[in-house]
Amino acid sequence: MAEDSEAEKTEPASERRLQQAREEGDVPRSRELATFTVLMAAGAALYVMGSTMAGKLAKMLSSGLTLSREQVYDPDVLIRRILTDLVDVLVTFLPVGVAVMIVAIASPLLVGGWLFSSKAFMPNFGKLNPVRGITNMVSKNALVELVKALLKTIVVGAVAYMVVMRYKDAIFALPAEPAHEGFAHMLDMLAMSFLFLVGALGFIAAIDAPYQIWHYADKLKMTRQEMIQESKESDGNPQIKGKIRQLQREMAKRRMMADVPTADVVVTNPTHYAVALKYADGSKGAPKVVAKGTDAVAAKIRELATEHKVAILEAPALARALHKHTEIGDEIPQRLYAAVAEVLAYVYQLRAYKPGLRYPDRPTKLDVPSDMDPQNAAPKA
């Protein structure tokens, strides 16, 4: 058989294939989306807290540039002062760092979800194959990455140009503003510029995320032969399963036939249907079906019943109704109680019959609801 080609992979990946890929650390990922969410979180945090941070940084800058005579001539005091200022700067930027960290941890949930796979840490020397590396360089995926890089350059470059032109006059006016106001104004402009640029990356991410999901599904597609092989591995060979089901049916049939001699009566059609009923004296339940069948199976049930002297009653409508509405081991339907009770009464009279007594009358008009007889329920031509 010829080896399957990529063009023949037309079947979507099975759940087992997806699970195996996930165990190997292979899930859809969009780096553009992750970069966009992290940068957007940083920019939004700077925009919201920019003024407050600018005020704190201005005070720290003013305080840091004000040195007393003791600090100038005492290196130990100066070092402590510098360390204190560094700690203050870190505390000032801490909210932005926390926001970025939370978004960086949560961003994988957007595409692929969280995943930890030990197999991903195992060395794969196949990746060191130079032929495979050259093949990857000229693959369809490499072309897509090149197009994305060019698109990012064009889009981000165009947005950067528009941002610079928008704030050109404000940038040139910064030296004329007071230090505190100018610093805050500069941070606001930086934050807005940052958000505009990150928004441009959002356009790339909106294209890349659906593409990565589609590419992942396309990469894991399977051929018909792979689907059949996986089905054999997971569910077993269909031929073997069919043989097992056949053996199970034969075993069930043998168990059913073994129960025929214990039955109280066999109701027949007379040739097409046979249903064996048993009622345990003192039981609170209704009579149960211990065997049933049609044609050859029905003939075998009648043969065993005759051999073991089990009463056989020809009642076509009742036999058809019992066969249609019961399974082996089921109690008879409530609507057939009256008919079956009349049959069992006849059987018990046969058992009690002795020569010289009046022979029991065979029941001929049993109360079988017409809608329970499949012959009556069948649509007329």
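Buried residues (under 20% relative accessible area, with exposed meaning over 50% and partly exposed in between; 1.4 Å probe, protein chains only) make up 30% of the 381 residues in the predicted protein model. The model is a prediction in which local features need pLDDT of at least 70 and side-chain atom pairs count only at pLDDT 80 or more, whereas totals for chains, interfaces and linings use all residues. Residues are numbered from 1 along each chain as its sequence is written, and side-chain values use heavy atoms, without hydrogens and water.

The protein contains 14 helices and 4 strands, taken as DSSP runs (helices H or I, at least four residues; strands E, at least two) and numbered from the N terminus. An open sheet of 4 strands shows mixed pairing and the order β3-β2-β1-β4; two strands pair if DSSP finds at least two bridges between them. Because β3 (288–294) and β4 (311–314) each have a single partner strand, they stand at the edges, and one side of each lacks a neighbour in the sheet. The twist averages 20 degrees from one strand to the next, with axes fitted as lines to C-alpha atoms, for helices over the stretch in contact, and angles running from 0 to 180 degrees between N-to-C directions.

Strands β1 (residues 265–268) and β2 (residues 273–278) run antiparallel and are joined by 4 bridges. V265 has L277 in β2 as its bridge partner. Helix α12 (residues 316–325) packs on the sheet and touches β1, β2, β3 and β4, contact meaning heavy atoms within 4.5 Å. The direction of α12 makes about 80 degrees with that of β2.
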